[in-house]
Structure formats: structure tokens, C-alpha cells
Amino acid sequence: MTQNLAAGMKKVLIISYYWPPGGGAGVFRWLKFTKYLRDYGWEPVIYTPENPETPVTDPSLSAQVPPGVCVLKHPIWEPYHLYKLFSGRKRTDKVQTGFLQEKQHAGFADKAAAWIRGNFFIPDARRFWIRPSIKYLSAWLSQNRVDALVSTGPPHSMHLIALGLKKRHGLPWLADFRDPWTQIDFYDKLMLTGMADSIHKKLEKKVLKHADKVVSISRNCAKDLELIGGRTVEVITNGYDPEDFDELPGFSKEAFSICHLGAMNADRNPEVLWKALSALMSENQSFRDKVKLLFIGKVDVSVRNSLKEYGLDPVARFIEHSPHREALAKASCSAILLLALNRTPNVLGIAPGKLYEYLALNRPVLCIGPDEGDAAEILRETQSGTSVGFDDTEKCKQTLAAFYDRFTSGRLTASTRSTGRYSRKALTGQMAGLLNDIASA
């Protein structure tokens, strides 16, 4: 496939740490772009680690890689086995992203590992793959033509690989920020020294300066990057693939179930929701008998403690991981879909991938986060749900009571207004347009 492109087909080399059989949110964006790029005249070539340290695996996603796509794999050395040894974990244990804690208390080893991670592994623990990747891909590029280069991060080491290739080969380069770099919600938890902070910011500015196009996933994230880099940042949101939602089960009327898809770390712990649910359960016997909570994904110990504190653990069910299709099927049966945003300084720009899949599930969405944020704006635009502030317990109670009233009367539905613009194929068309721009410049 790398040597026999269809007439007029251009080729793009995509550098992504996350790729099937890895699972989780980091995989979907470029897996789905790859699925549809050929429809817009671009042949994708993927570069990814041979042996990555991914938090979850989902072999079912491999079936979504289009036939014949060239996937280049190169070994990576990561220091996580040292971290596991240092912190008393097994070699087979998965390292969680986003500072999600599964133990009751973080020990000295965990805190020390976070400090080492932030101050010595800059920009991240994949830094040792940068030079080997530049060398490997330079050799590959000497034998294979590409018309454009894409890096997607985090991990932001992927951008530094692309930066090295840009300097060596002069390739048109698009840097895709699925999450921020120095503005990411856990940046303060890295316990950076002044020098380390300065290095992070210097590298970030280099990427923003040298990439031909910079893309982010939300309006506010793009604004933050524009302030750092002094340049225009394009917005291409995450989305949903209609094919993932064919023949899913309908919603079950047996329980007033509230479902959260994906990991829930301490910053996403929606205490306002737990307070509101606890109050309604004490006031309304019918509500108490019907309400259920379903968490599909890793859940921080602080969230579990909050559920116990508010008497909600008897109605909570936890599923650590399901293959993507199975997770969507479980969510499709739920009455309400919960979008808990991070209570962090960058919250206005947080619009996670699950939001768009919630739209496609056509169930009402309850967002816990600021009404002026990007996620709340999308819910208003599509009329797909309601946003409740982090501390607005009264509005949360009123919203839940209204949802429950519609549930009991059989009127609990959601709009599908204007959701087509968030289909993965439409978004791939936007990305292909940017690739055309840099390839023809």
C-alpha cells in the first residue's frame, strides 16, 4: 500500500503513541480520522510504539483500522517498570493517566515518582523514544515519499519527534493537541521546579512556532494555545462515528440510571451531584427505589469515598473496563448520561470525546461544569442536555427532579439537533482540508 497509491492520493505520516490494540480516549481521534482519510484523498501511514504502556487494551478496535493501512512500529523504552518497582507494583499493573488514584492514600513513593516524572522526564516519560524515532523514520523517509506529517499529543514527545523530522526533511507538519501541554489540568501536580517549568514552556513554544498548522479540540483550548504561541490555532472537535451506534439497545425503563463513561479522577468528582441525589433520595421514596449509578471505567478512590459519604454506594455499580461497543451498549440503556468536567483552571476548554458519543446515544446529558464552557455551549447548541455549576446544588436537584418526572411519564428523550457536524467523517473532511493547505503551500 505504501508504494501503490491510487492516482492522485496523497500520503500522510501520523505519529501517535496510542493505537489499537490499546484502548481508551487517546486512541479514537486518529483511529477515526484514519478510517475516513482515504475518502478525502489521503493515504494514512501510522507510526506507533511496538510495546507501549497503555492504561487499557481493547483488541476489538483493531478491526476498525482500514485494510492495507501501513502501520510502522518501533520499540520504545519507558521508565514505568522502574516506577512500578519503586512503588511496589507488579510489572503487569497498568499505570493510570491523569493522576487517577486507586489506593486510599498516595504513599511517599507515588509522590516521589510524580516529582521525578515532572522534573526529569520532560515533556513526559516517552522522551526516550524521540531520538530513536527520528532516526528510524528518517531512514524510512529516505525510501518512502510522504506529503505531510501529523503529530498528536499527549504524550507531547510525539510533537518533538515531528519537530525533529520537520528540521531534517522540511515536511509540512500539522501538530494536533488533543489536550493542552502546560495548561493541562494536572500540570500543577507535577511539582515542577522553576527550571523544569521553563523547559516545558520552551519546548511547547518551539512546537507552536515550527508546525505549519496547529489544531486543538475546543474553542477555549485553542485560545490558550494562541496566547502561548502567538499564532492562529484551528479547532477540530472530537466526534462520533455513526457506525459505532448501529443496533444498540434502547433505554431501559426499569431504573432511573445515570451512567458515566470513562475514567473519573479526583478533579472530576461531582460532589454537587452526590449531594443532590442524596437529598432527593431522602425526600422521595419512589426516586430512592429507582435511581442507579453506573461507572464504566476507572474511578478514583476519592469518588468512591464521596459515594459512601452521601449514602450512594448501595446504588452504584462499577465496571472497570469494557470493549468500546459493549460500553456504548450499556450506556445506551441508561436514562441519563453524566459528563463530569475537571474542576481545574482549564475547565472552559474541556470537551471530552465522550460528550460527542453521548450526543449519538440520544440520551439526555447532565454536565457538571461551568455554563460558559465549551461543553455547555455544545449541549445548548444541540439541545441535548443541561449544565449545572460545580456548587449549584439547588439547580442540580431541580434538574434531576425534572429528568425523573419525564422518566416516570415516559417523556425522557434528547434532541439530535445539529449533531451531524460532529460525525467523524465530517470532521475528517475538515482535517483533510488543513492537510491540503499545508501540502500545497
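Modeller: Buried means under 20% relative accessible area, exposed over 50%, and partly exposed in between (1.4 Å probe, protein chains only). Strands (E, at least two residues) and helices (H or I, at least four) are DSSP runs, numbered from the N terminus. The model is predicted, with local features needing pLDDT of at least 70 and side-chain atom pairs pLDDT 80 or more, while totals for chains, interfaces and linings use all residues. Residues count from 1 along each chain as its sequence is written, and side-chain values use heavy atoms, without hydrogens or water.

Start at strand β12, residues 365-368. Val365 and Cys367 point one way. Leu366 and Ile368 point the other way. All four residues are buried.

Now take the partners of β12. Strands pair if DSSP finds at least two bridges between them. Strand β11 (residues 336-340) pairs with β12 in the parallel sense, over 4 bridges. Across that pairing, Leu337 stands opposite Val365. Strand β13 (residues 385-388) also runs parallel to β12, joined by 4 bridges. There, Cys367 stands opposite Ser387 of β13.

Next, the connections. From β11 the chain passes through helix α12 (residues 353-361) to reach β12, and this β-α-β crossover is right-handed (with the strands pointing away from the viewer, the path from first strand over helix to second runs clockwise). Leaving β12, the chain makes another right-handed β-α-β unit, with helix α13 (residues 374-382) and β13.

The loop between α12 and β12 holds Asn362. Asn362 is not a glycine, yet its phi is positive, near 60 degrees. Asn362 is partly exposed, at 29% relative accessibility. Met191 also has a positive phi, of about 55 degrees, without being a glycine. Met191 sits in the loop between β5 (173-177) and α6. With a relative accessible area of 36%, Met191 is partly exposed.

Back to Cys367 and the cysteines. The whole structure has 0 disulfides (a disulfide being a pair of cysteine sulfurs within 2.5 Å). Cys396 is in no disulfide, and its nearest cysteine sulfur, that of Cys367, is 11 Å away. Cys396 is buried, at 0% relative accessibility. Cys70 is buried too, with a relative accessible area of 17%.

Now look at the other sheet in this account. Seven strands form an open sheet with parallel pairing, in the order β3-β2-β1-β4-β5-β6-β7. β3 (70-74) and β7 (234-235) stand at the edges with a single partner strand each, so one side of each has no neighbour in the sheet. Strand β6 (residues 213-216) runs parallel to β7, and 2 bridges join them. Val215 stands opposite Glu234 of β7.

Two peptide bonds deserve a look. Ile122 and Pro123 are joined by a cis bond, with omega about 10 degrees. Pro123 lies in the loop between α3 (108-120) and α4. The bond from Gly153 to Pro154 is cis as well, with omega near 15 degrees. Pro154 lies in the loop between β4 (148-153) and α5.

Finish at helix α1 (residues 25-37). Of its 13 residues, 11 are buried, so α1 is largely enclosed by the rest of the structure. Its buried residues include Phe28, Trp30, Phe33 and Tyr36. Arg29 and Lys32 are also among them.
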